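This report looks at some backbone features of one model and then at the arrangement of a sheet.

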Amino acid sequence: MSIQQMVPGIYSVGSKDKHRLLFDQLMNLSEGTSYNAFLIKGSEKTALIDTVYPPCHAELVSKLKELGIEKLDYIVANHGEQDHTGALPELLMLFPQAKVVTNQKCVDITSEFLPIDKSRYQIVGEGDVLSLGDKTLQFMMMPWVHWPDTMFAWMKEERILFTTDFFGAHMTNYDLFWDGTDSVVPLAKAYYSEIMMPYARVWQKYLDKVEALNPAIIAPSHGPVYKEPKFIIDLYRKWVSQKENKMILLSVSMYGSTDAMADYLQKQVESKGIQVKRYDAVHLDVTGLANDLVDAKGIIVASPTVLTGPHPMVMEPLCLLNVLRPSVQYVGLIGSYSWGTQIAAQVMNLIPNLKNVPVLDPVLIKGYPKDTGFEALNRLAEQVAQKHQG
Ligand code: FEO
């Protein structure tokens, strides 16, 4: 990734990590990811916004050298996660006068993970202004996008909002700016599903604050920079509030009885005009499931009873569901058992964060489904349809 000038005096100096396959050892990266860092040359001071993932540190240093940066006054840490702060210790050695400008929560976190002397921090709070001479940065505390330490930096002179992970995307096939196409949408949505969805109830009010600033540019710490911020703001508004006429069916079966139930339910639900996204819990597409959790109206789990509870292969996606906290409007359970079952209670115990989501009547059938079982599945499909009409 070469150095690119965002506007006069502000340069993109981060890295593209095209070979990274997984993020957080969880989400598949189809084209890797990027760690954006921005160098700001003011008339009096020079600041770097964010650093990079440690393996990309040498690339960042070489870009700073290429720009002739011999003295760095400030390194702004908008968020403490190490994909943006991991290179701080090396940079602080290289630039002994530099201060890490961040908030107290970020100090509390980074100082536990990274060898940074407390004297190197310069703490800022809501509304504080850092002058670089002809350019200024004003800080906005934005906790829970997606850690308690997250903050934005606003440069009023150029109307640029540096938003850390907010509005990010795991992408490398772009230059600097969003190219105006929809190719960013699935990658930004996948990013949103893991990083932003869990605290959507907290941060959705921030969208109004962002719009009120009327930024000319939104510069997140992953993926493209937006010169048309409305595009990504509108996507966030949609993802946080709108559902599609879509149901997720997560299934596993050992001898085919639960699959027969899932197949039948899928046909019944689809016959009512509802899209069913089926996920095989054994060969799980985690990223696909997370993406669909953003805008599916509900989820039905199809699992046989194994030793009184759910099949272990649905436990992991149920834990994922619990962590990602999608705003689904119902959950349901179907499955076959052999001699007895406590699956319903055990499934609910795995998703305590969804305790306020309505639970449809479980359909649990002894053995292979027969007439009464199919009738119960018909009733469940009706319940699903009613939820989708609401
Ligand atoms: Fe990209 Fe939360 O770090």
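His-146 lies in the loop between strand 13 (136-141) and strand 14 (151-155), where strands (E, at least two residues) and helices (H or I, at least four) are DSSP runs, numbered from the N terminus. The peptide bond that leads from Val-145 to His-146 is cis, with omega near 25°. The model is a predicted one, in which local features need pLDDT of at least 70, side-chain atom pairs count only at pLDDT 80 or more, and totals for chains, interfaces and linings use all residues. Residues are numbered from 1 along each chain as its sequence is written, and side-chain values use heavy atoms, with hydrogens and water left out.

Trp-144 is placed in the loop between strand 13 and strand 14, while Thr-164 is in the loop between strand 15 (160-162) and helix 5 (185-196). The table gives their phi values, each positive in a residue other than glycine.

| Residue | Phi |
|---|---|
| Trp-144 | near 80° |
| Thr-164 | near 45° |

Trp-144 counts as partly exposed because its relative accessibility is 30%, whereas Thr-164 is buried, with a relative accessible area of 1%; buried means under 20%, exposed over 50%, and partly exposed in between (1.4 Å probe, protein chains only).

Strand 10 (residues 99-102) pairs with strand 11 in the parallel sense over 3 bridges, and Val-100 has Tyr-121 in strand 11 as its bridge partner.

Methods:
Two strands pair if DSSP finds at least two bridges between them.
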